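Biologist: Could you walk me through one part of this model up close? I'd like to see what surrounds it.

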Amino acid sequence: HPVDTVAKRLMSTETRVITLHSPAQTAANLNVAIFRNAAAESIGQKAMSLFPGIGFGAAYKILQRVYKFGGQPVLLDSMTKRFGADFDERFGHQTGRTLLS
């Protein structure tokens with residue numbers, strides 16, 4: 001969440017952020033403390049810097065959906081053909097099918 005990101009960045013900043021006699025310097029220090037490497041970038045890049053894990057999260061969610069709706073039925077059919085009889089024999093039909101899925 002961007003509010004958490006900003007709070008953590010402000011807490012972990014080791015330099016002095018507020019300069020009493022220079023509001024411009026305070027604004028510049030806040031800009032660097034909050035946006036770090038994106039401080040000199042456009043507003044869009046600054047906003048994206050507040051979501052550091054969004055690329056990984058999106059990729060994970062896409063792969064999860066692909067597996068669930070596309071890969072899982074194929075994998076289940078393959079495992080049922082290959083190991084279905086063994087699972088039925090060892091665990092019974094109902095439990096064997098549940099363990100396979």
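Is Ile34 buried or exposed, and what is its relative accessible area?

Modeller: This is a predicted model, so local features need pLDDT of at least 70 and side-chain atom pairs count only at pLDDT 80 or more, while totals for chains, interfaces and linings use all residues. Residues are numbered from 1 along each chain as its sequence is written, and side-chain values use heavy atoms, with hydrogens and water left out.

Ile34 counts as buried because its relative accessible area is 16% (buried is under 20%, exposed over 50%, partly exposed in between, using a 1.4 Å probe and protein chains only). You'll find Ile34 in helix α2, residues 23–35 (helices are DSSP runs of H or I, at least four residues, numbered from the N terminus).

Skipping residues up to four places away in sequence, Ile34 touches Val6, Arg9, Leu10 and Leu50 (contact means heavy atoms within 4.5 Å).

Now look at Phe35. Lys46 sits in helix α3, and its contacts, leaving aside neighbours within four places, are Asn31, Phe35, Ala38, Ala39 and Glu41.

For contrast, check Lys68: Ile34 and Lys68 are 34 residues apart in sequence and 38 Å apart in space, C-alpha to C-alpha.

Note on methods:
Helices (H or I, at least four residues) and strands (E, at least two) are DSSP runs, numbered from the N terminus.
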